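Visitor: Could you walk me through this model and tell me what stands behind each label?
Guide: Gladly; let us look together.

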Amino acid sequence: MKRKIKNIAILGSGVMGSRIACHFAGVGLEVLLLDITPRELNEEEEKKGLQLDDPRVKNRIVNNALRAATKSNPSPIYHKSFSDRISTGNFDDDLERIKDYDWVLEAVVENLEIKKGLYEKVEKLRKPRSLITTNTSGIPIKLLEQDRNEDFKKNFAGTHFFNPPRYLPLLEIIPGPSTDPEVLDFLMAYGEKFLGKTTVLCKDSPAFIANRIGIFSILKIIEAMDAMKYGIDQVDRLTGPTIGRPKSATFRTSDVVGLDTLIKVADNLHAALKDDESRDTFKLPEMVRELEKKNWLGDKTKQGFYKKVKDDKGKSVILTLDLESLEYKEKEKVKFAALEELKQISGLEKKMAHLLNRKDGVGEFMRRSFFPLFAYASMRIPEISDHLFQIDQAVCAGFAWELGPFETWDAFGLKKGLEGMKEMGLEPAPWIEEMVKGGNERFYQVKDGKKQYYNIESKSYLPIPGQDDFIILENLRESKKIWSNSGASIFDLGDGVLNVGFHTKMNTMGSEVIQGIHKAIDLAETEYEGLVIGNQGANFSAGANLGLIFMFAIEQEFDEIDFMVRQFQQTIMRVRYSSAPVVVAPHGLTLGGGCEMTMHADKVQAAAETYIGLVELGVGVIPGGCGTKEMVLRVSDSFEPGDAELNNLQNAFMDIAMAKVATSAYEAYDMRILQDKDRVSINKNRQIFDAKNLVMGMLESGYVPPTKRKDIRVLGKEAIALFEAGINGMLMAKYISEHDAKVARKLAFVMAGGDLSYPMNVDEDYLLNLEREAFVSLTGEKKTLERIQAVLKTGRPIRN
């Protein structure tokens, strides 16, 4: 029988349960969220004269938890309206409702007896063959399934989400002794396709995969820090983006997650791993125990490895803990010669090889941190997983690493890593020696555009499962790249579809990217059939290259700026009116020019995690790459007889004037950036594949390019008067500066279609000319140049 999941009941509304509920609601499921009932009234309930049996009291715990989750930042749900898909209740009154649910997911407190007691009730109420899973982070599945009937056991497994579930893609699937293989296959596929997860099949071993390896890595970094006499600031400088890990690095991550969480996992592992050759690593250092005693656990206790305080001027300042004195001191500005050298090296793998090869203190720190990790990961096969790629996938998806242990080892070199470990007295697993003796030099290789891993059992390379619906552009670099320059590359995706992707800093769009787009459209129109514009970097595009605009503005070369803007407009309009279908695939930051390009595709295949908006007013200009024109066009298309036209236009004006950014693809629909014809990929890894299919769908249905628009309704002086009233009101209330008001007036003039005496229809070129003139004029403003310079100095994208 084929499984269909229409709804899910989640038992337990704590931090994880409530956020898992939000994620399931976000992907379209009906969710029932249940929790325990309070044992006593709170003060507010007593004042109202409520009793314990009042539904408002009985559902207080679950309702408060859901409310707290939906109000948290960042949001656990793609769109606030999706929370309407969640209904709440309590175990006493509503547990019997699970009989109508296809999946029951337990997320109550990590206590074996409490979970088993709940399962006893669930077993009597759930419908046969419904899924029953647990979000346990470490209790053995074999213990949890004890005393349950056959149907319960067959349909029972671990589904371990990482917090926050919306943002961290890892979903560990853990079978019990009796789990039906069909259930595992279903969970693996459903998690990847519908929940957007990297699903990893784990063994039922302590802490499963990601926490086992991730916590070991953290503790080895602390050991290396102690050996090298480094401080917290130095370690976090070395273990963040430098090595492909989050900005929060090691100690800031601990503060965010909570030191108590690290302590709990490490203590549980030390107690459970009687036969682990590295068991002593999980015995926490005295420094950590001292922080535990002081209750310095991180953000939740207002201090941990870092502490935020106010200085004499009332400004927030971050202090760093001195591990010797256990006193907080001013944060150190760390500089390493090794990190300066990395600026000349492109590619994370090459950077890692450089760091691990160095003969200085930084190199020693890296080897002390990574060589034990390499050895430990090798020894965990087949204890925690059968295959090495599962370890890399789990830690990368769960801890936001760019490279897993075996991928990092590949970057350094298999043989060199083995030799280095032996010099440190480390012994990797015996299969490593066998692998090297067999003449193998890497754990991974790419063949025919698919990534393969070394399979220990067959002693050969096999494709990593689950790649059929993925297109990984990096894997096509050797065999399918047909053109490139320093800023863009064009790949053949097959079936007549091309891809052009950017690879500049923050994927900003300068002349090289413009050249790449034109080349890709040329090829799509003459030798191929269609085009996907998309990349698999951290972000789609932070917008236009502000450096060039700043340079010309300083020199007052406004003709050059006009030429640049005109060229960019022509490129964007070519995306719109190409004779070949064009799909744009935005993800991550998609700002300014990136947003404008997205709005001009035939169709959009957006990643769910797309943060998109026309943010140009944040630096004192208006959207000049067709964005203002396009927003006016879309508002015009929304006009209906009897509509309050000015209200629709004002809403669009405010979105641009406030440099509003959608915090998900679904919010972008509300802002008219995405339209009904556009699609969303929940799993970012499927996005290019989905975008290619969207192109092919247009081709199969008989693609006809759009014609230029001449029917854009603009409102003229009537709209300007409305905008002016709002601008003056905000100026008088001191919400905006004089310069902000000047920029807003320029925007108002363009969106009104100019100083027209009455509403009329205009064409696209008319609005593009207004847009370009306004943009160029604003680059001559001193305040605009100051803002552009600030963005260039900080390296941060424009966000208001």
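**The sheets and what surrounds them**

Guide: Eight strands, 8 in number, form an open sheet in the order β3-β2-β1-β4-β5-β6-β7-β8, and the pairing is mixed. This is a predicted model, in which local features need pLDDT of at least 70, side-chain atom pairs count only at pLDDT 80 or more, and totals for chains, interfaces and linings use all residues. Residues are numbered from 1 along each chain as its sequence is written, and side-chain values use heavy atoms, with hydrogens and water left out.

Visitor: What makes β3 and β8 edge strands?
Guide: Strands are DSSP runs (E, at least two residues), as helices are (H or I, at least four), numbered from the N terminus. Two strands pair if DSSP finds at least two bridges between them. β3 (86-90) and β8 each have a single partner strand, so one side of each has no neighbour in the sheet. From one strand to the next, the twist averages 25°.

Visitor: How do you know that β7 pairs with β6?
Guide: Strand β6 (residues 156-161) and β7 share 5 bridges in the antiparallel sense, against a requirement of at least two. Phe 161 has Leu 171 of β7 as its bridge partner, and Thr 159 has Ile 173. On to β8 (residues 198-201): 4 bridges join β7 to this strand, and the two run parallel. Here Leu 171 stands opposite Thr 199.

Visitor: Why is the crossover from β7 to β8 called right-handed?
Guide: The term applies because, with the strands pointing away from the viewer, the path from the first strand over the helix to the second runs clockwise. In this β-α-β crossover the chain goes from β7 through helix α9 (residues 181-193) to β8, and the crossover is right-handed.

Visitor: What makes β7 mostly covered?
Guide: Buried means under 20% relative accessible area, exposed over 50%, and partly exposed in between (1.4 Å probe, protein chains only). In β7 (residues 170-175), 6 of its 6 residues are buried. Leu 170, Glu 172 and Ile 174 point one way, Leu 171, Ile 173 and Pro 175 the other way, and all are buried. In a regular strand the side chains alternate between the two faces of the sheet.

Visitor: How do you know that the span of α30 agrees with its length?
Guide: The expected span of a helix is 1.5 Å times one less than its number of residues. For the 14 residues of α30 (residues 687-700) that should give 20 Å, and the end C-alpha atoms are 20 Å apart, so the two agree. Among the buried ones are Phe 689, Leu 694 and Met 698. Gly 702, with a positive phi near 90°, follows α30.

Visitor: What makes β12 and β14 edge strands?
Guide: An open sheet of 3 strands has the order β12-β13-β14, with antiparallel pairing. β12 (444-447) and β14 (460-463) each pair on one side only. Strand β13 (residues 450-455) pairs with β14 over 4 bridges, and Tyr 454 has Tyr 461 as its partner in β14.

Methods
Axes fitted to C-alpha atoms, helices over the stretch in contact; angles between N-to-C directions.
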